Amino acid sequence: MSSAPALSARGSRLALLVVGLCWLAVLFDGLDMFIYGSVLPHLLETKTFGLTPDTAGDLGSYATFGMLVGALTAGTIADRVGRKKLMVASVTLFSLASGVCATADSVAVFGLGRTLAGVGLGGLLPTAISMVCDYAPRGRGALVIGLLMTAHHAGGILSAYVAKWLVEPVGWRAAFWVCVLPLLFAPVLARFLPESLSFLVAGGRTDEARALADRYDVELPAAKSDERDAADRWTNLADLFRGGEWIQTLLYWLASFGGLLLVYGVATWLPTLMRAEGYELGSALTFVVVFNLGGIVGMLIAGRAADIFGAPRISAIWFALTAAGVFLLSVHMPMSVTMVVVFLTGVFLNSAQTMIYATVSIRSRADNRATAVGWTSGMGRFGAVFGPWLGGQLLAAGNGDWGFTAFALAGMSSMVFIGIAAVRGVEKAPENGAEQGLAGAH
């Protein structure tokens, strides 16, 4: 009995190691994702590369399109080479891609850099979530995922400070050179991050997995005896449309589309739109900091609120409050009031999308849950591509005042779709006591 605390402590040390390394990787992911929006007002003001608002919107969509590609291919690649190698490759790719942006001499080269960065960013986040789930202490999976997702918003905060400190005195290229620095972190990941135990077991490397589990006194995942082939996976997808399920599936997909349109549209255009409302650049970048602080708080409280009131209800309410907050940003208010609105918008916006995934997860069969959540996320990422483009088109047409209104309408549409889905759906408890971890909204 005296050894139990030691075993727990050793297992906890491994969990801390994995979560800590993944947290830093996702921090750099957030920095690279938000840096474009943070420097965009300067790029437009100085007409770098002859940049116009519509071209800027296209560039913002390149990164999110790359994220779509990276997210859709991450699972297949990770199953072949391992989650650890994919994480190292993802960090390396988006770091080098930032170097391409920093040295770009044309819009085309800059766009190529942002697209490649998006592929790395899209591949990293789901892989990091899988890694921390593997090593999370029993019963703490949702908490650990929520903690991991705070890193993405911490990266957004860091991007605002990088822009504030470097863009005016040194130039926008310096901000992207900072985003190359995570390249130095890749060898640290390669050296200290253990491979996923689930990957080792699934690949038949049971002895290697057992040695790692014994070294840190953690539980070895059970080998799956009924691995599904491609035909089974397509059957799972078809099941989402059988009978009346197709209506529910489309409602979830439409809600996810509007949610990620809102998330990435605001992430890309918040500083620029605030500048258009008459705020100074420094103040506009401060809003990015406050917005992401709200995102951190929201990630920490969303799961608890959903446990009490239900994920579908919280998602609908959160989207309504997000829409109200985004719409209020189109009104020039006293600075203190604007800061509060930006903070609360960050709280509700980022976790509202997470609640869609939680809703789909809870209301899906255990054998079809991964397919349902994965496709809901994948369809939503088309909204992530559309959001930055939409903001650029509105500004280019001289309708910048409509930017916040358009994003608010996207939030209202998601509220309606997830609300209808909640009314139509039948509450089902998770089968086999499966723990409902909350995947990130990004």
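**Entry 1**

I began with Trp172, which is buried at a relative accessible area of 8%. For these notes, buried means under 20% relative accessible area, exposed means over 50%, and partly exposed is in between, using a 1.4 Å probe and protein chains only. I am reading a predicted model, where local features need pLDDT of at least 70, side-chain atom pairs count only at pLDDT 80 or more, and totals for chains, interfaces and linings use all residues. Residues are numbered from 1 along each chain as its sequence is written, and side-chain values use heavy atoms, with hydrogens and water left out.

Next I looked at Phe176, which is buried too, with a relative accessible area of 0%. Trp172 and Phe176 share helix α6 (residues 172–178), sitting 4 residues apart, or about one turn of the helix. Helices here are DSSP runs of H or I with at least four residues, and strands are runs of E with at least two, numbered from the N terminus.

How do the two rings meet? The ring centres of Trp172 and Phe176 are 5.9 Å apart and the planes stand at 85°, so I noted the pair as edge-to-face. The rule I used: rings of Phe, Tyr and Trp (its six-membered ring) pair if their centres lie within 6.5 Å, with planes under 30 degrees apart stacked, over 60 edge-to-face and the rest tilted. I found 13 aromatic pairs in the structure. Trp172 and Phe176 also belong to one aromatic cluster with Tyr36, Phe49 and Phe110.

Phe49 is partly exposed, with a relative accessible area of 26%. Its phi is near 60°, a positive value in a residue other than glycine.

Lys47 is found in the loop between α1 and α2 (53–81) as well, and its phi is near 55°, again positive in a residue other than glycine. Is Lys47 buried or exposed? At 60% relative accessibility, Lys47 counts as exposed.

**Entry 1: the nonpolar core**

I then turned to the largest nonpolar core, which has 129 residues. Such a core is a set of buried Ala, Val, Leu, Ile, Met, Phe, Trp, Tyr and Cys residues joined through side-chain atoms within 4.5 Å. Cys22 and Phe407 have the most contacts inside this core. Helix α1 (residues 4–45) supplies the largest share of the core, 18 residues.

What does Cys22 touch? Leaving aside neighbours within four places in sequence, Cys22 is in contact with Met87, Ala128, Met131, Val132, Leu148 and Leu193. Contact means heavy atoms within 4.5 Å.

I noted Thr268 as buried at 4% relative accessibility, and Thr272 as buried with a relative accessible area of 9%.

A polar atom of the Thr268 side chain lies 2.9 Å from the backbone oxygen of Tyr264. Leaving aside neighbours within four places in sequence, Thr268 is in contact with Tyr36, Gly37, Leu40 and Pro388.

**Entry 2: salt bridges**

How many salt bridges are there in the whole structure? My search found 4, counting a side-chain nitrogen of Lys or Arg within 4 Å of a carboxyl oxygen of Asp or Glu.

Arg114 forms a salt bridge with Asp32, with the closest N and O atoms 3.1 Å apart. This pair links distant parts of the chain, with Arg114 in helix α4 (residues 107–135) and Asp32 in helix α1, 82 residues apart. Both Arg114 and Asp32 are buried.

Arg275 forms a salt bridge with Glu45, the closest N and O atoms being 2.2 Å apart. Arg275 lies in helix α11 and Glu45 in helix α1, so this pair ties together parts 230 residues apart in sequence. Arg275 is partly exposed at 27% relative accessible area, while Glu45 is exposed at 52%.

Technical notes. Polar contact = N/O pair within 3.5 Å; in protein donor to acceptor, adjacent residues only side chain to side chain.
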